[in-house]
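Good morning, and thank you for coming. Please look at the sequence and the structure together as I speak.

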Amino acid sequence: MSQPSATAPAWQEAVFKVLKQGGVRQIAYVPDAGHSHAIRSAIADPDIEDIVLTTEEEGVALTCGAWLGGQRAVLLMQSSGVGNCVNMFSLLQAADFPFFTLVTMRGEYAEFNPWQGPMGKATQAALELMGIHVLRVSHPDETEEIVSAGFDAAFEAGEKVAVLLSQNLIGRKKWERN
């Protein structure tokens with residue numbers, strides 16, 4: 001069993017702290033470096049079921065099923081995954097499920113991959129068009145407060161909430177050049 005990294009940035013530890021203290025029992029994700037601490041922590045936590053998805057829209061249905069079963073679930077995804085979920089977001093509206101997702105952004109700060117740009121620029125608008133309230137974390141010191149506020153809006157007030165974790169927060173991706 002893997003253990004959470006002792007060297008995770010404080011903002012990443014704050015994200016998992018909010019989820020754990022909020023009673024999350026299921027964390028669904030497509031593997032992503034920006035969510036690596038939360039993923040490793042969920043894997044190591046016997047009270048949380050970590051569910052690896054083949055595609056992000058499965059996570060929308062999973063969070064709804066968890067709610068029906070009396071559990072809180074969170075979907076971790078990258079901004080490119082939001083585009084995969086648009087049709088499934090209809091389930092949230094039709095059945096009025098609470099929903100909470102954390103989205104690591106691409107296509108923003110120092111992006112080198114042209115494929116990430118279009119969805120990165122459209123992520124917030126796509127979520128809002130589907131009736132999901134969007135919050136954004138851009139600085140490490142605001143992470144816990146914003147994630148916690150979004151979490152409470154979802155699970156206490158029944159809202160549909162996405163917290164965007166900016167690419168600037170996550171850090172510049174660096175690749176070896178030939």
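Contact, in this talk, means heavy atoms within 4.5 Å. Among contacts in the chain between residues at least 6 apart in sequence, 75% join residues at least 24 apart. The model shown is predicted, so local features need pLDDT of at least 70 and side-chain atom pairs count only at pLDDT 80 or more, whereas totals for chains, interfaces and linings use all residues. Residues are numbered from 1 along each chain as its sequence is written, and side-chain values use heavy atoms, with hydrogens and water left out.

Let me begin with the overall layout. The chain has eight helices and six strands. These are DSSP runs numbered from the N terminus, with helices being H or I of at least four residues and strands being E of at least two. Along the sequence, the pattern reads α-β-α-β-α-β-α-α-β-α-β-α-β-α. Of the 178 residues in the chain, 48% count as buried. Buried stands for under 20% relative accessible area, exposed for over 50%, and partly exposed for values in between, using a 1.4 Å probe and protein chains only.

I turn now to the helix pairs. How do the axes of α1 and α7 cross? Helix α1 covers residues 10-21 and helix α7 covers residues 143-155; their axes come within 9 Å and cross at roughly 25°. Axes here are lines fitted to C-alpha atoms, for helices over the stretch in contact, and the angles run from 0 to 180 degrees between N-to-C directions. The crossing angle therefore makes α1 roughly parallel to α7. Angles under 35 degrees count as roughly parallel, over 145 as roughly antiparallel, 65 to 115 as roughly perpendicular, and the rest as oblique.

On the α1 side, the contact is made by W11, A14, V15, K17, V18 and L19, and on the α7 side by T143, E144, V147, S148 and F151. Sorted by class, this contact of α1 with α7 has seven nonpolar, two polar and two charged residues. For these classes, Ala, Val, Leu, Ile, Met, Phe, Trp, Tyr, Cys and Pro count as nonpolar, Asp, Glu, Lys and Arg as charged, and the others, Gly among them, as polar.

The axes of α1 and α2 come within 8 Å and cross at roughly 45°, and the two helices are therefore oblique to each other. Their crossing, too, is right-handed. Here Q12, E13 and F16 in α1 meet H37, A38, S41 and A42 in α2. The residues of this contact divide into three nonpolar, three polar and one charged.

Next, the interior. A nonpolar core is a set of buried Ala, Val, Leu, Ile, Met, Phe, Trp, Tyr and Cys residues joined through side-chain atoms within 4.5 Å. Which residues of the largest nonpolar core touch the most other members? Of its 27 residues, they are L19, I27, V74, F100, L102 and V163. The elements giving two or more residues to this core are α1, β1 (24-29), α2 (36-44), β3 (72-78), β4 (99-104), α7 and β6 (160-165). Helix α7 gives the most, with six residues. Apart from this core lies another, of 26 residues, among them V60, L62, A66 and I132.

Some single residues deserve attention. T63, in helix α3 (residues 56-68), counts as buried at 4% relative accessibility. Not counting residues up to four places away in sequence, T63 touches A73, V74, L75 and F99.

E56 also lies in helix α3. Is E56 buried or exposed? At 9% relative accessibility, E56 counts as buried. Leaving aside neighbours within four places in sequence, E56 is in contact with V30, L75, M77, G81, N84 and C85.

L53 sits in the loop between β2 (49-52) and α3 and is buried, with a relative accessible area of 7%. L53 and M77 are 24 residues apart in sequence and 10.0 Å apart in space, C-alpha to C-alpha.

Finally, consider D96, in the loop between α5 (89-95) and β4. D96 is exposed, with a relative accessible area of 56%. Most residues other than glycine have a negative phi. D96 has a positive phi of about 55° although it is not a glycine.

Methods. A crossing is left-handed if the near helix is turned anticlockwise from the far one by less than a right angle, and right-handed if clockwise.
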